[in-house]
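Work through the exercises below with the model open. Each task is followed by a stepwise solution.

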Amino acid sequence: MAANRILIVEDDAAIADTIALNLRYAGYEYRLFRDGLSAAQALWDDEAFDLALLDIMLPGLDGFELLPLMEKRNIPVIYMTAKTDSESEVRLLRQGAEDYLVKPFEVVTLLVRMEKVLQRTGRLNPIYHFRDFTLDAENRSLTKAGEPIELTPLEFDVLKVLMKNKNRTVSRDRLLNEVWGEDYFGDTRTVDVRIANIRKKLGLTDEIRAISKTGYRLEERKK
């Protein structure tokens, strides 16, 4: 199963590069454009995308003008904009946008919104990579260099959260909520036990870093 392919159209270089970097870490493929005309040309050339992240105020064609092209190719859209007026938000949502984020926003918020839209539209390819590890969330399989590795269900789910948030700190509370559920009231040390088991089984003692008084981070260090 291939990684989801994302179209990014954002003329602010710092914002665009930050989003692109985090999408790459999260296992997405993407194409980045700084103006609406270049993005439209990619669509006219029949490039395929599972989701579009669009700014509104763009040179060439703006976000409003790009939306019909996205709809024609059945590409769901999340808008990222500095426009805070409710009129723009209502207009975009009524015209078919899936979601709307006002700048500045946390990249983790964008990633969660993306995952929800991809799930809702039946496009999510839940495959995560770290070095030579591949985790297939849909089929609940983990391989290293193509060889299967056995984890307990809870270990698998903890690793999935770490891999999809690669290079970002994940708190113990968040791990508890995502893996054990919001109704779980046990000790957070249960997270530490699962992390210790994962480190030992996968040989990732240095790569899964404990962040003091917070949680854990799976780090992909540059070679």
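**Exercise 1.** Find how helices H7 and H8 are oriented to each other in this predicted model.

*Solution.* Step 1: locate H7 at residues 172–180 and H8 at residues 189–202. Step 2: take their axes, lines fitted to C-alpha atoms over the stretch in contact, with angles from 0 to 180 degrees between N-to-C directions. The axes come within 9 Å and cross at roughly 80°. Step 3: classify. H7 and H8 are therefore roughly perpendicular, a class that covers 65 to 115 degrees. Step 4: list the contact (heavy atoms within 4.5 Å). H7 supplies Arg 172, Leu 175, Leu 176 and Trp 180, while H8 supplies Thr 190, Val 191, Asp 192 and Arg 194.

Residues are numbered from 1 along each chain as its sequence is written. Local features need pLDDT of at least 70, side-chain atom pairs count only at pLDDT 80 or more, totals for chains, interfaces and linings use all residues, and side-chain values use heavy atoms, without hydrogens and water.

**Exercise 2.** Describe the setting of Asp 55.

*Solution.* Asp 55 has a relative accessible area of 4%, so it is buried (under 20%, 1.4 Å probe, protein chains only). Step 3: find a side-chain partner. The Asp 55 side chain makes a polar contact with that of Lys 103 at 3.3 Å; the cut-off for such N or O pairs is 3.5 Å, with one atom able to donate a hydrogen and the other to accept it. Step 4: look around. Asp 55 also touches other residues, including Val 9, Tyr 79 and Met 80.

Methods
Helix = DSSP H or I, 4+ residues; strand = E, 2+ residues; numbered from the N terminus. Buried < 20%, exposed > 50% of the residue type's maximum accessible area, 1.4 Å probe, protein only. Parallel < 35°, antiparallel > 145°, perpendicular 65-115°, else oblique. Lists of a residue's contacts leave out its neighbours within four places in sequence.
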